[in-house]
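Please examine the sequence and the model shown here before reading the report that follows.

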Amino acid sequence: MVDSELLRIIGLIYDAVVRPEGWEQALDTIRVRHGWFNSSMAVIGLPAGKNVVSVALNLPDDFHEMSQKHVRDVIELWGGPERVAQLPLEEPILNSNVTDPTRWMENGYFREWGRPHGLVDQVAIGLARDPTAIANISFGIHESTIVTPTMMDELRILAPHLRRAAIIARILENSQTRAATLEAALDATQAGAILVRGDMGIVHANQSAEAMLRQGDPIRAAKGRLRLAEEIVPGHLEAAVQAAANGAAAIGRRGIGIPARRDDGSPLVTHVMPLEGRQGQALDADAVVFVADSGGAEPAPGQSLELLFGLTPAEARAFELVVSGRPSGSIAQAMGVAESTLRTHLLRVFDKTGRHSRAALVQLARELELPV
């Protein structure tokens with residue numbers, strides 16, 4: 001259920017894309033709503049490793065120094081780099097479902113900072129993990145806080161919006177700091193950016209997008225309407241824009257990382273950001289379509305599943321692990337979720353794919369020529 005306060009939070013998230021100083025308000029509103037002890041968010045642009053977004057709230061003055069001292073410990077608390085890389089994006093994951101809490105006191109970061117502040121767990125959401133960016137958000141859990149299913153479900157509602165905003169913040173990078181309006185920020189970025197109405201009618205294209213439209217690669221204009229020349233899964237860009245026209249909550253996770261190709265076969269991705277009265281919006285448009293470099297990364301099998309069936313990254317990961325033949329306990333451990341959460345993901349996979357057994361999912365993977 002998306003109530004008025006969640007809608008307001010979603011709006012704050014998208015406002016922060018244009019005005020980065022708004023990230024603190026967006027994160028703190030989430031923190032206060034659920035009673036998390038602290039919150040932090042990082043978006044790191046690659047390959048330079050530049051901090052695009054770096055926010056930490058309700059943390060002591062020495063937190064930055066402490067976290068820098070324990071960089072390795074922070075990662076090890078989650079099982080190390082390889083373990084972190086296996087965790088699905090967009091899924092709120094409790095640290096205690098990934099590593100053994102009884103051994104956390106062996107970790108210098110937890111022993112010297114976390115436990116003395118009364119922290120007993122944390123929940124994190126991976127937002128990006130590709131050649132162009134690494135992004136995540138986390139919330140500390142105090143010993144006085146009881147984490148409820150509703151809190152986790154609300155984070156799942158917010159997760160795709162946070163993910164989209166983090167990715168687009170990386171695309172815009174420095175252009176927000178010197179732009180007072182959305183249009184100015186779009187014009188200042190080197191990525192292709194097109195303001196469109198819900199019917200795909202082009203309202204405004206920045207300089208990079210204009211050049212793409214003139215060449216007809218990778219985007220085209222047909223009777224004033226935007227078209228993606230080589231969309232790998234046809235129809236998804238238009239569907240995402242139509243959803244955006246119905247409001248930020250309606251788009252959900254559609255329009256994140258839609259894969260396409262240029263005429264020369266090189267990969268790219270498009271992202272759709274809903275507008276719905278965002279700060280600085282002056283033109284009559286429903287969404288912004290960003291045409292961005294994928295960093296050379298080809299679409300993964302899981303991404304195809306997400307697009308074909310509307311799966312979340314966690315559901316796509318569950319699909320992949322099920323068809324590999326792994327038992328439920330092993331899958332839940334690999335995903336960093338409880339077995340009850342895995343069951344929920346699988347029920348949604350069955351519903352969205354129209355297949356209702358593990359054997360049927362294996363057969364579907366064969367039909368789609370996905371690795372089994």
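## Report on a predicted structure

Of the 24 residues of helix α7, 19 are buried, so this helix is largely enclosed by the rest of the structure. Buried means under 20% relative accessible area, exposed over 50%, and partly exposed in between, with a 1.4 Å probe and protein chains only. Helices (H or I, at least four residues) and strands (E, at least two) are DSSP runs, numbered from the N terminus. The model is predicted: local features need pLDDT of at least 70 and side-chain atom pairs count only at pLDDT 80 or more, while totals for chains, interfaces and linings use all residues. Residues are numbered from 1 along each chain as its sequence is written, and side-chain values use heavy atoms, with hydrogens and water left out.

Helix α7 covers residues 149-172; at 1.5 Å a residue it should span 34 Å, and its end C-alpha atoms are 35 Å apart, which agrees. The expected span is 1.5 Å times one less than the number of residues. A kink of about 35° lies at Leu-158, shortly before Pro-160; this bend is the angle between axes fitted to the seven residues ending there and the seven starting there. Just after α7, Glu-173 takes a positive phi of about 40°.

Helix α2 (residues 23-34) packs with α7 at an angle of about 170°, and their axes are 11 Å apart. That makes α2 roughly antiparallel to α7, a description used for angles over 145 degrees. Axes are lines fitted to C-alpha atoms, for helices over the stretch in contact, and angles run from 0 to 180 degrees between N-to-C directions. Among the residues that make the contact are Trp-23 and Ile-30 of α2 and Leu-155 and Leu-158 of α7. Contact means heavy atoms within 4.5 Å.

**The five-stranded sheet**

An open sheet has the strand order β7-β6-β12-β11-β10, with antiparallel pairing. Strands β7 (202-205) and β10 (258-261) stand at the edges with a single partner strand each, so one side of each is left without a neighbour in the sheet. Neighbouring strands of this sheet are turned by 25° against each other on average, direction ignored. Helix α10 (residues 236-244) packs on the sheet and touches β6, β10, β11 and β12; the direction of α10 makes about 15° with that of β11.

Two strands pair if DSSP finds at least two bridges between them.

| Strand | Partner | Bridges |
|---|---|---|
| β6 (residues 192-196) | β12 (residues 287-293) | five |
| β8 (residues 219-222) | β9 (residues 225-228) | four |

In the second, the bridge partner of Ala-221 is Leu-226 in β9.

**Loops and single residues**

The hairpin of β8 and β9 has two residues between the strands. Lys-223 lies in this loop and has a positive phi of about 55° although it is not a glycine. Lys-223 is exposed, with a relative accessible area of 82%. Glu-90, in the loop between α5 (81-86) and β3 (93-94), also has a positive phi, near 70°, but at 7% relative accessibility Glu-90 counts as buried.

A cis peptide bond joins Asp-217 and Pro-218, with omega about 0°. Pro-218 is placed in the loop between α9 (207-215) and β8. The bond from Leu-46 to Pro-47 is cis too, with omega near 10°.

Key:
Parallel < 35°, antiparallel > 145°, perpendicular 65-115°, else oblique.
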